[in-house]
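These are my notebook entries on one structure. I set down what I looked up, in the order in which I looked.

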Amino acid sequence: MAGLRVEQYVVGPVMTNCYFAVNEDTKEMLVIDPGDSAQRLIEKIKERGLKPAAVLLTHGHFDHAMAAEKVADEFGVSIYAHEMERETLEEPSINLGGMMGAGGTVFHADVFVKDGQILELAGFSIQALYTPGHTKGGCCYYIEKEQAVFVGDTLFHGSVGRTDFPGGSASVLLRSIEEKLMCLPGHTKVYPGHEDVTTIGWEKQHNPFL
């Protein structure tokens, strides 16, 4: 194993989890869903002597993407998202920026990934799992060797993501969870976009939505 350490930072008005996925052997790291507090996140990275390799977005809602460009520009790295999420990122009426006074905000990604694609970043092999339902192009990032999956707003501890936003679908979301997440090993740690970390095994047994 590369020695994964996951650091969680709660950012923004709706308490979004931004994660640092750090390779303890090299200090390379991934910034996952930097939804706000760009300067705070940048300072944390510099204080720790970490070396960002990429910014990964699970989806394009403002509370997950707001600080992505500033963080990426600061360290000269690319922003990744699923290929079906371009419209969400670029259309303010879909990325929900207006909900918190950020109306008209347009986000972007530099690299659009496909379902099942393997990303070799920061010393990790990361599989992109296409999980629509919360948004049209929702995506989870699974690091098999480190027994970790970053799920954004697809799955929560004891719950699932909302489906009443543009591009959402309850039936599609539940199918995504069943086909892409519930088949992962039970001990896999699940890092959601809000609230507490959980595991695939716990959700299989206790999540009332599943």
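**Entry 1: terms and source.** A lining residue has an atom within 4 Å of a point. Grid points are joined across faces, edges and corners, and a volume is the space filled by probe spheres set on the points. I noted that this is a predicted model, in which local features need pLDDT of at least 70, side-chain atom pairs count only at pLDDT 80 or more, and totals for chains, interfaces and linings use all residues. Residues are numbered from 1 along each chain as its sequence is written, and side-chain values use heavy atoms, with hydrogens and water left out.

**Entry 2: cavities.** I searched the whole structure and found two cavities of 30 Å³ or more. The largest cavity holds about 40 Å³ of space. Its lining includes Thr58, His59, His134, Asp153 and Thr154. For classes, I counted Ala, Val, Leu, Ile, Met, Phe, Trp, Tyr, Cys and Pro as nonpolar, Asp, Glu, Lys and Arg as charged, and the others, Gly among them, as polar. The lining of the largest cavity then divides into two nonpolar, seven polar and one charged.

The second largest cavity has a volume of about 30 Å³. Among the residues of its lining are Asn17, Tyr19, Thr58, Phe150 and Tyr191. I took helices (H or I, at least four residues) and strands (E, at least two) as DSSP runs, numbered from the N terminus. Strand β10 gives the largest share of this lining, three residues. By class, I recorded six nonpolar, four polar and one charged.

**Entry 3: the largest pocket.** The largest pocket contains about 230 Å³ of space. I listed 14 lining residues, and Asp63, Asp153, Arg162, Phe165 and His194 lie nearest its centre. Seven of the lining residues are nonpolar, four polar and three charged.

Entry 4: Which residues of α1 (residues 38-48) are buried? With buried meaning under 20% relative accessible area, exposed over 50% and partly exposed in between (1.4 Å probe, protein chains only), I found Ala38, Leu41, Ile42 and Ile45. They line one face of α1, because they fall within an arc of 100° seen down its axis; the arc is that of the directions from the helix axis to the C-beta atoms. Their cover includes β1 (4-11), β4 (51-56) and α3 (68-75), where contact means heavy atoms within 4.5 Å. Just after α1, Gly49 takes a positive phi of about 70°.

Leu173, Ser176, Ile177, Lys180 and Leu181 are the buried residues of α6. They cover an arc of only 100° around the axis, which puts them on the same side of α6. Among the elements that cover them are β8 (124-130), β9 (139-143) and α7 (200-206).

**Entry 5: Gly116.** I placed Gly116 in the loop between β6 (111-113) and β7 (118-121). Gly116 is partly exposed, with a relative accessible area of 31%. Not counting residues up to four places away in sequence, Gly116 touches Gln127 and Ala128.

Methods: On a 1 Å grid over the protein atoms alone, a cavity is a set of points where a 1.4 Å probe fits but cannot get out, and a pocket is an open set with protein on both sides within 12 Å along at least five of seven lines; lining residues have an atom within 4 Å of a point.
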